[in-house]
Every structure is written in structure tokens, then in C-alpha cells.
Amino acid sequence: MIDLTLPEEHEALRKTVQEFAREEVAPVIGEFYEREEFPYRIVAKMGEMGLFGLPIGEEYGGMGGDYFALCLALEELARVDSSVAITLEAGVSLGAMPLYRFGTDEQKARWLPAMAAGERLGAFGLTEPGGGSDASATRTTAKLDGDEWVVNGSKAFITNSGTDITSLVTVTAVTGVRDDGRKEISAIIIPAGTPGFTVARKYSKVGWNASDTHELAFADVRVPRENVLGTVGRGYAQFLSTLDEGRVAIAALSVGLAQGCVDESVRYVGEREAFGRKIGEYQAIQFKIADMEARVHTARLAYYAAAAKMLRGETFKREAAIAKLVSSNAAMDNARDATQIFGGYGFMNEFPVGRFYRDAKILEIGEGTSEVQRMLIARELGLT
Ligand SMILES: Cc1cc2nc3c(=O)[nH]c(=O)nc-3n(C[C@H](O)[C@H](O)[C@H](O)COP(=O)(O)OP(=O)(O)OC[C@H]3O[C@@H](n4cnc5c(N)ncnc54)[C@H](O)[C@@H]3O)c2cc1C
């Protein structure tokens, strides 16, 4: 049976996050954005609400919910602001989930409770300055020296990696050569503050200005042998699977931004006048908003479909890539149209649409560019 009505629990969560975003994020986030400041107070509140523990089991202090719940929360947050949404997305989907899915019992018990409470953030270091799309091109190395890994290399654009509450970054590193001659890649947990681990100054970015992003350097960083995430040599597979889930989350975030553009536009065109009439009375404007609404609707269906397969335990790689591709596209198109509808005010930072415009572009780049999504879809169709 096809039923797209949200179950009661999911609907209740969506409403709670919607209210939080409108009442506690919207009034203040513009100032954090202007100051390029990480919103610790908002993150702490999201922690108290349990948002960082949504898909994590209760045994580790999580809410014991599912990944779709996280997606709904991301959508509602991004409807108001994407810096806050990406902080949650990266904290859960990239920081905590690799540990939750692949970590040993000891690793989970040690790191997850504080992350699930939102008191600490984990980061995920895959991309390197030399390239991100080809994840197998990793140059960072980790060599065993007695009972310690010695890590050398660097990572680029790592979200949540330099906040005061960052507890660790999990990085991919080459740990040897496989039987087929290809690189053996493992994921290694590097606690914040480990000697030799340097967090560079934060980037100056086009958007996501209240989120935390840094380049990281590792010079003879020593961590215990047991800091390998789960099993040696599984790093590449672990990160690919993390990204499949993450794409559904980014799709949800993109839908939120695209919806925010519709919300703001509908409100504005009922107030703004030109040539003696409300601009919302002009069909050219109505059609623009109708197209925006159609994009949000279809993008939402795409991520719901991917999430449904994910929750049923079926393969969802193709659906995740499609959802990410169409949703980021919808976000970008809607941000451009909303800015146009706002005219000169659309170019002013004091209005949310200006922020939406700056925040939309990264959605076509992060967690796999649109070209990478097309490569994945083509591959699923047997085109190699
Ligand atoms: C704000 C921000 C936050 C981020 N957070 C994280 C994070 O937390 N962790 C993390 O690991 N990474 C993170 N990233 C990195 C992000 O995932 C990468 O930027 C992205 O995957 C693209 O990699 P790249 O920038 O190296 O581009 P490149 O791989 O250099 O690609 C450049 C261009 O070439 C295209 N291209 C590449 N290969 C092909 C091909 N075969 N066919 C056609 N076109 C191709 C790409 O689509 C792109 O348009 C973040 C990035 C940003 C900007």
C-alpha cells in the first residue's frame, strides 16, 4: 500500500523541530551568520532536545529512533537555516554514525553517549586538499609502529572539526596494499588535542557561515592500535556506506532550504507592491512560485522514497543519489527564484533568502558533487 502520511511519532517530531527553528533559531541565526560564529547555545539546545541522538540506540544515550527522523529534523531546521542543519547533519550522520555502525563495543561506549547528547561533536575526514570526488585517491597514511598507528597527511573542508566541543575526527588513511594491488584504506579515530594533529584556521566561506569548517594536518600523530574503526582495511567501504545514508540526509536538508524559499516568497509577494498591485497578483510571479513548490514536492518524494528503502533494509544507493541530485538542484533553483522575487532586498543579508542563496550552492558539491551522483546513477544502470 502507498501511504505517504507520516507516522504520529515522526509528525510530532517534525512539529517540535519546526517550532524550535521558528522560535529559537530564526530570530538569532542571522547575527551568528554575520559574525561567522558557531552557535554553541543553539547546538546545546538541540542536544537537550535529543536531536543529536535521534538514530542512535538508547544503550548509548540516543533516542532509539530511525534515520528518517533525523531527515525530518534536518528538513525543518534547513527551512530556517542551513548552518544549524549541517552542524546536526555532520554531527550525527558523519560524526557519530560511522562509530555507531562500525565501531567496536569499547569505541561506542567511550565516544557515543556525549555525541548523542550533543555535548561533543565528531567529524569525518575523507576529503583531502588534492581531491574529494575520488575517495580512493587518499594520500594520508597510517603505519603501525608497535601498538600505535602513526598518521601523516592532511584533510580539507572538514565540518565540525575545530569547535570547542569537537571530541574526535575519524579519518581515512592508507594502511597497506591489498592482494589485488589496490590501496588498503582504514578509518582511524583521532581524538582532538592529540599531539601532531593541527586544526588550521577556519575557512572564509561563501555560505554555511555559522558552521565550522577547517583544514586538518597530521604530522606523526600517534594513536593506539585499537583506534582503528572496527576492522583494518574496511575504511573505504565504511565511508561509502556512510555517504549513502548521508546523501539522503543532505537531500532532506536541501528540501528544507527549497521549502524555506517557498515560505518566504509566498509571504513577501502578499506584502510587496509594484505598479499599484501586490506582486503576488502577477501571474509571472505566481508561476515562478508554482514551479518552486513543484520542485520541493518532487524532491521531497525522492528523499522519502530513498529513506523508505533504507529503513526496509533494501539497497538504496540509486535512490539516495537521485534524491541528492534532484533536491540540491531544487534548492539551488528555488534560492535563485526566491532572490529574484525579493528584488534588491533578496541581495541583502538581513533577509533569509540572501542566506538561502549563499547556502544553496554547496548542496550541489558536498557529500558527492552532482557529477558524482550522476556517475552513481549511471553505474546502477550498468553503465561503466
Ligand atoms: C563547506 C564544506 C564542508 C565539507 N565537509 C566535509 C566533511 O565534513 N568531510 C569531508 O570528508 N569532506 C567535506 N567536504 C568536502 C566535499 O565533500 C568535497 O568538496 C566534494 O566531495 C568535492 O570534492 P573536491 O572539492 O575535491 O572536488 P574535486 O573532486 O576536485 O572535483 C572538482 C570538479 O570536478 C568534477 N569531477 C570530478 N571527477 C569527475 C568525473 N569523473 N567526471 C566528471 N566530473 C568530475 C566534480 O564534480 C567537480 O565539479 C566539505 C566541503 C565543503 C565546501
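## Strand pairing

Helices (H or I, at least four residues) and strands (E, at least two) are DSSP runs, numbered from the N terminus. Two strands count as paired if DSSP finds at least two bridges between them. In this predicted model, local features need pLDDT of at least 70 and side-chain atom pairs count only at pLDDT 80 or more, while totals for chains, interfaces and linings use all residues. Residues are numbered from 1 along each chain as its sequence is written, and side-chain values use heavy atoms, with hydrogens and water left out.

Strand β2 (residues 141-145) pairs with strand β3 (residues 148-159) in the antiparallel sense, over five bridges. A142 is opposite V151 of β3. Two residues separate the strands of this hairpin, in which G146 has a positive phi near 65°.

## Contacts with the ligand

Among the 20 residues around the ligand, those that come nearest are T127, G132, S133, T369 and E371; a residue is near if one of its heavy atoms lies within 4 Å.

Oxygen atoms of the ligand lie 2.6 Å from a polar side-chain atom of T369 and 2.7 Å from one of E371. For L126, a backbone N or O atom lies 2.9 Å from a ligand oxygen.

## Cover and shell

The protein covers 64% of the 970 Å² of accessible area that the ligand has on its own (Shrake-Rupley method, 1.4 Å probe). β3 and α10 (370-380) are the elements giving two or more residues to the shell, and β3 supplies the largest share, three residues.

The ligand lies between domain 2 (123-233) and domain 3 (237-380), because both give residues to the shell around it; the domain bounds come from an automatic or database assignment.

Methods
Polar contact = N/O pair within 3.5 Å; in protein donor to acceptor, adjacent residues only side chain to side chain.
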